[in-house]
Each structure stands twice: as C-alpha cells, then as structure tokens.
Amino acid sequence: MRYPVRRTAKLWRALALAAFVFGFFGGSPVSAQEREQERDRRYSFVFSGTRLSDALNVLIDDTEINLIFETDMVAGQTSFCRASQELIDRVLKCILRGTGLDYILLSSGTYIIVRSVRGETQFGAVAGSVLDLESGEPIENANIILSTENVGTASNRSGRFVFTSVAPGLHIMTVSHVAYGSRVDTVIVSPNEEEKLLISLEKRTFLADALVITDSEARPSSVRRGSDVIQDIELLDLNPLASINVLQTLDLIEGIHQGESLSAIHMQGSDSGEHIYRLDGVPVFIPVRLGGLIGPFSPFAVSEIRIRKAGFGASHGSQLAGIVDIKQQIAPPSRRRVEVLIDPVSLNARVSGRSGDPSGFRASWTIAARQDLQYSPYFKQIDDIMQSWSQPDFFLLDLLRKESGLDELDPAIKEIIRSERNDFNVGFSDVHAAVRLNFGLFHTIQASIYRNRNLFGENQDSLGELIPNEPSSEDRFKWENTVLQVRYEGILSGRLLADASFWLSGYRLLDTFGDFPLGLTTDSLCDSSCAEPVLTDDFNEVNEIGISAGASYALSLRHSALARIEVVKSENDFTITLSPFLNSISSSGTRKPNRWRIGGFVEEIWSLGTATTLRSGLRFTYLPEQQSVYAEPRFSINYDESVRSTGFLAASISAGLYRQFTHQVDVSTYNINALFPSVRFWFPLDRRENPPKALHLAGKIVIQPSVNWSFTAGTYFKHQPHLLVLNYGDHVSVRTTGSGTLKIPLMQKASGNAAGFSIAANHRSRRHSLMIRYEYGHATRRIRNRFKNARLVVPWNIPHSVFSLLEIVPSNQVVLSIRGHAMFGRAWGFRSAYYDYVEPSSISSQFGSFDFSTPESHEMSEFIQFDAGITYSAPVGAVDLQVRIYAINILGRRNVRDWSLVEREPRGAFELATRSGIPFLPMLSIRLGV
C-alpha cells in the first residue's frame, strides 16, 4: 500500500498521516509477522538515470511495501541503482543514494522518505585513459559520454579524461572516435571514491580511416569540429608524395593551399608567415621546402598532423592564422617492430617497441631516421625539374642594375649563363627519437628529440673560369634544426589533471650568395666610410628555450577550468639583404637580443548536456621590453546531436582576437634564377612595434545522415587591422651614400581582410572512399606606400578551388587512388620579386602591356592536376611487403606556376615567359616490415 502526497506538504503532515496509518493498522499480531517475512525477502532492481519518483513507484508495485513520499521532494531527482538479491532496506538505500534523501521506518512497517540529516550528497569521480587496442597509443579527442548524467568530455593528448561530482550509482558510458569503433560500458560510482578505467578502442577497417577529419575545439564532439587531423601518415595512400614529404598531405584539408612554387602553405587567406609549425608542441623552423618535393620530416616519424584554423581556442597559442601541430610516432603502429622504406629520393628506417602491463608500468619508444640517396635515378628527374625552375631571368637583373646606376650585363655573359647547366646540391638527413613511460594509468613522462640537416641550391663556380674578371655565383641554402622536449602529464585527483614541460628549439640558416650579382663590386655602392662590405651572406639563427605548467580542474560535472603559464627565452640573430643593388647596408638588419616572453591562458568549459558546449578563454602575453601585457579573448559554442543510430549533426561558431609575437617573413629572392621564390626568416618584434593582430569569426556544420555519407560546410572571416610586412618600398627608393648608413625600418604597417567558405561531400564503404570539395576565398590587403595605397587582392588568393579524392579497394592486397586538384582565378602572375623590387622603384612599372602596379590584372590560366597510384601489400614469409607505384600529374599538363618577362628586339618589346610546375613524374617505393 502506498500514500504518495500529490502536493507540497510539511513533514509533520506526513508524520501525522503515518501515525493515523499506524493507529488504524497497528496491533494485529498476524500483520506484524507478515511484515517481518516481507522484510526478509530479497529483490533485484536496476535503475539507470530513472526519475526517482518512477523508481519508488516501481519499488512499491513490486514489493507492495507501505511507502510515503512528497512529490515535490523527489521532483527532478534521478536514481542510479543496481541491486542484486538485496533486502528491502538495502534496495531503498540504493535507490536514494546520491539524492540527499533518506528514509524512516515506523514500527508499523511504513517507510517515509525524508531529507537526509547527514549533510550534502557524497559524490564520486570517474577518471580514465583511452588507448589504441593494438598499439597502446593514447587516443586524443576520443568522445566520452556519461549518458546517465547527460554530460560528455573528450580525452586529452595523453588519452586521459575526468568526470567529477558524479552521483553514486550505476552509470552508462559511451566512448567513441571516428577512426575507431565505439564502446559502451557501465561503471559503478561510490561516494567519495574515484573509479579508474582503462578503455581500449579498436580501429575501424574502413579504407579511408587513415584520413580523419575532425572538428572540435571543445568536448563532447571533439572528433568532429574545430581542428582538422591527418593520422597515420605512414599508411596514407592519399597523396603520392606523402612518403617523401608528409606536409604535402596538408592540401587534403579545407582552407589550406600550397603557395607560390609550392614552397609554402597559406591558411584561409592568410600569408604563409602567419602560422607556425610545432613538433610535439615545440616550434620548428622551416625556411624552404624545395618546391614541395622533399619534406623536413621522415614519414616514419609522424603519427598525426593536426591543423588549427580560424577560431582556434585560447589553449593552443598565439598566431595570426593558425597552428600546424605535428605529433611524433612513439609506439609501433602495428605488430611490426622494424620497418624500412625506400622511396625515390631517400632511405627510411624505423625501430620501435613497447613493453609492460597496460594497467601498470609500460614503455613505448620509436627511433626513425632518413638519409638522402644522392645516386638515386630519381634525383635525375628532380635535377631536371630544378633546371627548368631556375631558367635565367635577365629582365629583373638588368632592371635592378640599371636602377643602381650600373650597365646591363654583357650579352656574351648572358649567353654563357644560358648555355651552362647548373650544378645542383640536394642533401638531407634527419633522425627522430621518442619515448613514453606510463606509471600506472594516470602518470606519464614523454620525451622526444628531432635533428635534421639540409642543403638545397645550385653552384655556378664554373663561371669564374669561363668569364675572366667576373666573380663566381652560387645560391645555396643550408640549415639545420634541433628540437627537444620533455613533458609530464598526470591525473592528480578526481578533479585535477596537471602537466609540466621543458623544451628547446634551435635553428640555423645560411643563405650563401657568394659574390653575386655578377659585375658588382663593393666600391660600386659604398666608399671607405662604409662600416662593412656591401655583399654579405644572409643569415638567421634562432634559439628558444621554454618551460610551462598547466592544469585542468573540474569545478563540477558540467563546468571545468584550464590554466597554463609559460616562460620563453628567445635568442635571435639575422641578416636580411633586401637588395644588394640599392642601399644594401641599411636594408640589412642584424639584431642579437635575448628576449623574454611570459604568457599563458585561462579557459572555462561549460557542458549544457551532451549536445552543447560553451568555451571561453583569455590568453595573455607579457613582453618585458615593451613593458606591456597583450590580451587575446576567445569564445566558441559547439553543438553535436546524434541523428538516429548511424549519423550525427554537429555545428560550431567561434570567435577571438589573435596576435603574433615573432616576425615570420618570406623574403623575395632577387637571384637570377629564382629557384626559391622566397626564403623565410624569423626575428623578434622591435621594442617600438605593437604585435600584429587579427580578429576571427568562423562557423562550421557537419551532417552525417548515415554511416556512409557525410556533408560539411564551413565559413570564416578575418579582420586584420594591424599587420607588419617587409618594407620593400623604402629600401628600393633610397640609395646609400658615402655619408654612411640610412636608418630605414625593416617592417611597415598594413591591414587586410579575408573571407571564404567551403562545401564538401564524403562517401565511404569497405571497398571505396570518395570525397569532393569546393572552396571560395577572397583576401585583400592595403600596404602603406605600395600600389598607390590601394586595397588589392593578395598574391596567394585562390578564388575558386575544387579538390577530389577517390580510393578503390578491389582486394585486400590492392588499393587504387586518384586525386585531383583544380584552381581558377589566380592573379599576381609574375614571380614575387617583380612586384617587390620593381613596383616601388623609381623606374616606371610599365613595360609594354604589363604594368606591375596592377597585379590583379595578371590573371593566370587554370591549374588542373591529377595524381594516381596503386599500392600492393602482402606478407612474404615473416616480412610484410608493400610496393607503391604512383605518378604526379598523370595528364602531363604544363600548369603555370609564375611568369617572367623577356625583352626582344626592337628594344622596348617584351614577351611573356612562363614556368611550369611539377611535370609528369612517375615514382616507386618499397616498404618492408618485420
């Protein structure tokens, strides 16, 4: 019998009613004996997030006990209880656990629900790690949902997660990731206790699982929004050049375009110097990329590339455009421990292993190395490409010599240069090593190191022998990188995740010009009063060392806070020569400061159920030399909802202020061949300069109506009110005189805007994968005293772009892939040096029908390229064999990469000359694993 009260009442009214019931029914010896027998019976119940009133009514129906409770007292409460063959008193305690309620048992056998007098509810916590089932690697941004509490979270970079203030009882937990299968499990939470979990996920068998597009700055939908990810680069068949340049895969990501001559990338309408590369969270400096043919990292060493674009969160850093985060491989990706890859230009090797108990101490490690193959027949193909890219450009050389008051180069010398085949130098080697030590489930130490050396360029030493009294010329780039980092991460309590790290990054570049330009001596521009010779090698050295500490604290089940502080010391040394013909001394800048930077962020995350997450953050950076603190507020809102059992709907909006505290400038090369259209230099802000800033607004929506189909649409807008760009204008308009060096600022102010959108469709099955994407972009800038102070479309703007990818798996051993890329509406057709050195000069910028002051009119033809490959994989005894045959530009199109001018007779007649990108280029690679 039950007596639930249907309106609000005082407790004394319930007790009075209980007394009446006791007086009416009490005193019968038979009923008392029955009540004792009833209390000795055992029952089994499971309530998982059930409304408390419903759970109590079920208990009354099944046990027929007398139970009194107030409706308002139990309103809004839920019950998590699993009772197996328990006495009625234990069952009732289980149902009421975590609700702040208790019961009173009257002598008549009637139970009355009352508010607990023992204080507040004693909550528990759930903490765990999500790992790859096969490799043991932590899975970042796995999606973890406690459906019984209607909240979700995402695993961090070490695969860890925490739920705090969890009501005691039985809970249902779902763990998933788009590259892995999902797992549903239960966890029992006890008051004031922490449940520790180790969750392993198995990778899906979809062909395209090697490519994972994720989008999220915040949980719970962290695998779907905000950052784009390419995982398991060593398995990618999506880009034929991925084995020799993993950065080539970046064009798979929306909003990412290769720049001029494929030497750099541009992120959503931003300049190539407005994003940064980080390896295991440490800045790594990449000055040139040899036309995209050879990358800076061994493909065996990279496990993931994560792109953070417009609207990225406060926790990720300060850059005007975004971050390219590269993660080194640690644990072996499969059962293979030793692997060798012979690609067209290098020999790659990897040794890796792991040991220990998944729930106790375990260690994982990897060593990967790469060495160029100087005598590979494919180097002959690359040499031919470099020969075509470095055809002499005498128009620019003669024009700059004329501006400096020198005569044009002798025609006989020009003819010798044209006929001379350049001797190219291509050399590279790198080594990666990484180790991770897990102490139980919740404490990790990770360390990694990266070291590389590179030599790219040409040598024209023979000119000194062929042309008497003319010096030799060379244009070679030598650089090396060293990166080291050590990081600790751990779950210190059910509420607190903490980490601490130390890192250093070293970089040194020498850009050797020899005695170039031909026929120019130091006496031509400077007398004995000059403090240093005019012609010097450009040089750049950066040494950065830093420490940081951070924590994530769960304030409640739906509210958490993150914070970090870091201290960075940076030593910079550089020399940049913008033009050796005009004012070389003053256009060279050398700074050797030791700069300190103190920064960090605070960020709060609110979970409004499993579907909606709010994230707000504030970065701060203190520059002692400026004696200023710069703030960068960020905000995002994310929505993610399941659509039936096979799909989802996800959407996000993010906004924020972004600054940049180190100059990353691409200096246009003025050399005769322009093998490298630009070279990147790094140097600190001048103490008189305010850091550049940009405001971002970005949105994205992802719809997956079924397990096979998904559709994506995204948009962005960037307002850049304060930018700093290289000051070519002043340098080419001022000459050095005998009176000494003129002080000219190396950087000047600019402003700009960028906007765009993209739409994409994806279809996948076990035997094929298809993706097609369209993008539109429009970016403009205004530079002081350049192009009549007009706001122009930027040189790297791609108005229309279409990207497609098709993979077919006819059998378990064979994979066929075709990828296509088309770009339309590109302008600024001439190489960058034409605009940077000719347009602001005193010489007319009009040459025939070509006017360098109107670059938007220099529209190039469309770019269309298709690449294809076939991969065969099979075990041969104890060895796993993979053979890949692939080709770049299978249509053999002569896609124009830039223009130059050739002067013809009669004098003053100019003809357009074009240079093409990568021609048809077949390649072969062999991979062995044991």
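Predicted model: local features only at pLDDT ≥ 70, side-chain atom pairs only at ≥ 80, totals over all residues.
Residues are numbered from 1 along each chain as its sequence is written, and side-chain values use heavy atoms, with hydrogens and water left out.

Now for the overall picture. The protein has 11 helices and 49 strands; these are DSSP runs numbered from the N terminus, with helices being H or I of at least four residues and strands E of at least two. Of its 930 residues, 58% count as buried. Here buried means under 20% relative accessible area, exposed means over 50%, and partly exposed is in between, with a 1.4 Å probe and protein chains only. Accessible areas come from the Shrake-Rupley method with a 1.4 Å probe, and for residues only the protein chains shown count as cover. As for contacts (heavy atoms within 4.5 Å), among those between residues at least 6 apart in sequence, 68% join residues at least 24 apart.

Back to helix 5. This helix is mostly covered, with seven of its nine residues buried. The buried ones are Ile88, Asp89, Val91, Leu92, Cys94, Ile95 and Leu96. Lys93 also sits in helix 5, which spans residues 88–96, but Lys93 counts as partly exposed because its relative accessibility is 49%. Together with Arg42, Arg90 and Arg97, Lys93 gathers in a patch of positive charge on the surface. Patches are made of residues with over 30% relative accessible area and no salt bridge; like charges are joined within 9 Å, and nonpolar side chains (Val, Leu, Ile, Met, Phe, Trp, Tyr) within 5 Å. For charges, Lys and Arg count as positive and Asp and Glu as negative, while His and the chain ends are not counted. The place of a charge is taken as NZ of Lys, CZ of Arg, CG of Asp or CD of Glu.

The surface also has a nonpolar patch of about 680 Å², made by Ile342, Leu347, Ile808, Leu816, Ile870, Ile885, Leu924, Ile926 and Leu928. Strand 49 (residues 921–929) gives the most to this patch, namely three residues. Leu347 belongs to strand 22 (residues 346–356), and Leu347 counts as partly exposed because its relative accessibility is 39%.

Next come the charged pairs. Side chains of opposite charge can pair when their charged atoms come close. A salt bridge is a side-chain nitrogen of Lys or Arg within 4 Å of a carboxyl oxygen of Asp or Glu, and by this rule the count comes to 31. In one of them, Lys569 meets Glu571 at 3.9 Å, N to O. Lys569 is partly exposed because its relative accessibility is 24%, and Glu571 is partly exposed too, with a relative accessible area of 32%. Another salt bridge links Arg688 and Asp686 at 2.8 Å, N to O. Arg688 counts as exposed because its relative accessibility is 73%, whereas Asp686 counts as buried, at 14%. Elsewhere, salt bridges that share partners join Arg487, Glu489, Asp499 and Arg564 into one network. Within that group, the side chains of Arg487 and Glu489 meet at 2.6 Å, N to O, and both residues are buried.

Glu489 lies in strand 26 (residues 473–491), and its relative accessible area of 6% is why Glu489 counts as buried. Leaving out residues up to four places away in sequence, Glu489 touches Asn156, Arg157, Ser158, Arg160, Phe442, His443, Thr444, Ala498 and Asp499. Ser501 is 12 residues from Glu489 in sequence and 8.7 Å away in space, C-alpha to C-alpha.

Finally, there is Arg773, found in strand 39 (residues 768–783). Arg773 counts as buried because its relative accessibility is 7%. Between Arg773 and Ala760 there are 13 residues of sequence separation and 4.2 Å in space, C-alpha to C-alpha.
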